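Subject: Structure handover

Hello,

Here is the structure I said I would pass on. My notes on what was found in it follow below.

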Amino acid sequence: MVQRPKQDAARREHGEYPVRTCVGCKQRALAGELLRVVAEDGRVVVDERRRLPGRGAWLHLDPECLAKAERRRAFPRTLRTTGMLDVSAVRHHLEQS
């Protein structure tokens with residue numbers, strides 16, 4: 001008999017829906033509650049349809065989470081790129097929301 005791995009608390013809390021971690025505040029949330037961003041040509045762009053190729057990072061729709069991620073330099077590390085990334089497109093998107 002094959003044993004299933006133990007489910008973590010977030011998975012039990014949210015059921016079988018995908019759970020992701022915000023790169024800013026490190027809180028886990030449903031993927032539908034978070035914004036997916038990807039690195040493209042030295043900048044971070046919003047992936048509204050969640051279909052852009054490449055490694056993605058997840059972020060709450062909160063400017064404070066963006067500020068924490070910038071302070072922590074989380075985007076280059078999470079998106080596995082070198083150098084600093086321009087996040088003005090993400091900032092603009094959050095201000096419009």
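To start with the strands: β3 and β4 are paired in the antiparallel sense, with four bridges between them. Within this pair, Glu40 lies opposite Arg43 of β4. Please keep in mind throughout that this is a predicted model.

The pair belongs to an open sheet of three strands, which run in the order β4-β3-β5 with antiparallel pairing. On average, neighbouring strands here are turned by 40° against each other, direction ignored. Helix α4 packs on this sheet and touches β3, β4 and β5. The direction of α4 makes about 30° with that of β4.

Which residues of α4 are buried? They are Val90, His93 and Leu94. These residues lie on the same side of α4, because the arc they cover around the axis is only 95°. In general, residues three or four places apart in an α-helix point the same way, because there are 3.6 residues a turn. Glu95 and Gln96, on the other side of α4, are exposed. The cover over the buried residues of α4 includes β3, β4, β5 and α2.

Next, the core. The largest nonpolar core contains 23 residues. Those with the most contacts inside this core are Val23, Val37, Val44, Leu59, Leu66, Phe75 and Val90. Two or more residues come from each of β3 (34-40), β4 (43-46), β5 (56-60), α2 (63-72), α3 (74-78) and α4 (88-96).

Arg36 is found in strand β3. Is Arg36 buried or exposed? Arg36 counts as buried because its relative accessibility is 10%, and the cut-off for buried is under 20%. The side chain of Arg36 makes a polar contact with the side chain of Asp47 at 2.3 Å, and the Arg36 side chain also reaches the backbone oxygen of Gly54 at 2.9 Å. Beyond the neighbours within four places in sequence, the residues in contact with Arg36 include Val45, Arg50, Leu52, Arg55 and Trp58.

Regards

How values were computed. Residues are numbered from 1 along each chain as its sequence is written. This is a predicted model: local features need pLDDT of at least 70, side-chain atom pairs count only at pLDDT 80 or more; totals for chains, interfaces and linings use all residues. Side-chain values use heavy atoms; hydrogens and water are left out. A nonpolar core is a set of buried Ala, Val, Leu, Ile, Met, Phe, Trp, Tyr and Cys residues joined through side-chain atoms within 4.5 Å. Buried means under 20% relative accessible area, exposed over 50%, partly exposed in between (1.4 Å probe, protein chains only). The arc is that of the directions from the helix axis to the C-beta atoms. Contact means heavy atoms within 4.5 Å. Two strands pair if DSSP finds at least two bridges between them. Axes are lines fitted to C-alpha atoms, for helices over the stretch in contact, and angles run from 0 to 180 degrees between N-to-C directions. A polar contact is a pair of N or O atoms within 3.5 Å; within protein, one must be able to donate a hydrogen and the other to accept it, and residues adjacent in sequence count only if both atoms are side-chain atoms.
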